[in-house]
Amino acid sequence: MRQEEAALRAFLAAKLNEAGLEADEKAIAAVVAATKLEEGEPKEENETRHVSIHEGTDGKLTAKSIKWYNLMKVSFYDLRNFLLTELAILYSDDTKAQVILSLLNLLNEFHSRLAYKFNETDARILLAIYRLNKDTFALPDLLDAYSQQFGTPLPASQAERSLNFFGSLKVLALLRDGNYSVKEKMIYERD
């Protein structure tokens, strides 16, 4: 049995088990036979993704992450407002106007949500990660870089909380060995 097939079988069995279902060998065999696994980069890797860190003339830091994944954080309230506007557009008699107005509404509603804005503490941590200039790093590396950059120690609990948050936004990934991998290109700008 190929490694890919074994991994797919294990994945299917685990998902069925999570749903409280028994893994039927015939069903799994049918899915495995109909599925072709190929190595490659996930689409997420092909999209434009970056963290922009900006230091103003006052020395204050801001940061934002720009990527399609940030749209996953859209709330029901945002969708409700979008749908209400779309309903108003549908009352137009001109189909071309409906399409154009709908597209403009879509761009207006979701363009601003492509960017996630970080608070100043997280922006400082992101700048320390940027200054490490490494694809992977450990927590002690970050704590040292932060202390050198800002002259004050960063509490490990704050660093871990921020690193976990960055992981949930797919800015970083936690590796099996306890290190972190930088997933987005970081850009630093200063006024």
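In which helix does Ser-162 lie? Please describe that helix and its surroundings.

Author: Ser-162 lies in helix α8. A word on conventions comes before the details. The model is predicted, so local features need pLDDT of at least 70 and side-chain atom pairs count only at pLDDT 80 or more, while totals for chains, interfaces and linings use all residues. Numbering starts from 1 along each chain as its sequence is written, and side-chain values use heavy atoms, with hydrogens and water left out.

Helices are DSSP runs of H or I with at least four residues, strands are runs of E with at least two, and both are numbered from the N terminus. Helix α8 covers 156-168.

Start with the serine itself. Ser-162 is buried, at a relative accessible area of 2%. Buried means under 20% relative accessible area, exposed means over 50%, and partly exposed is in between (1.4 Å probe, protein chains only). Setting aside neighbours within four places in sequence, Ser-162 is in contact with Asp-122 and Ile-125. Contact here means heavy atoms within 4.5 Å.

Those two partners belong to α6. The axes of α6 and α8 come within 11 Å and cross at roughly 85°. That makes α6 roughly perpendicular to α8. Axes are lines fitted to C-alpha atoms, for helices over the stretch in contact, and angles run from 0 to 180 degrees between N-to-C directions. Under 35 degrees counts as roughly parallel, over 145 as roughly antiparallel, 65 to 115 as roughly perpendicular, and the rest as oblique.

From α6, the contact takes Thr-121, Asp-122, Ile-125, Leu-126 and Ile-129. From α8, it takes Gln-158, Ser-162, Leu-163, Phe-165 and Phe-166.

α7 and α8 pack at about 115°, with axes 11 Å apart. That makes α7 roughly perpendicular to α8. Their crossing is right-handed. A crossing is right-handed if the near helix is turned clockwise from the far one by less than a right angle, and left-handed if anticlockwise. Leu-139, Leu-142 and Leu-143 of α7 meet Ala-156, Ala-159, Glu-160 and Leu-163 of α8. These residues divide into six nonpolar, no polar and one charged.

Next, the core. A nonpolar core is a set of buried Ala, Val, Leu, Ile, Met, Phe, Trp, Tyr and Cys residues joined through side-chain atoms within 4.5 Å. The largest one has 28 residues. Those touching the most other members are Ile-53, Leu-126, Ile-129, Leu-142, Leu-163, Phe-166 and Val-171. The elements giving two or more residues are β1 (50-55), β2 (61-66), α6 (120-132), α7 (139-150), α8 (156-168) and β7 (185-190). α6 gives the most, with seven residues.

Lys-170 sits in the loop between α8 and β5 (172-174). Its phi is positive, about 65°, although it is not a glycine. Lys-170 is partly exposed, at 30% relative accessibility. Asn-133 is in the loop between α6 and β4 (136-137). Phi of Asn-133 is near 55°, also a positive value in a residue other than glycine. At 70% relative accessibility, Asn-133 counts as exposed. Most residues other than glycine have a negative phi.

Key: Ala, Val, Leu, Ile, Met, Phe, Trp, Tyr, Cys and Pro count as nonpolar, Asp, Glu, Lys and Arg as charged, and the others, Gly among them, as polar.
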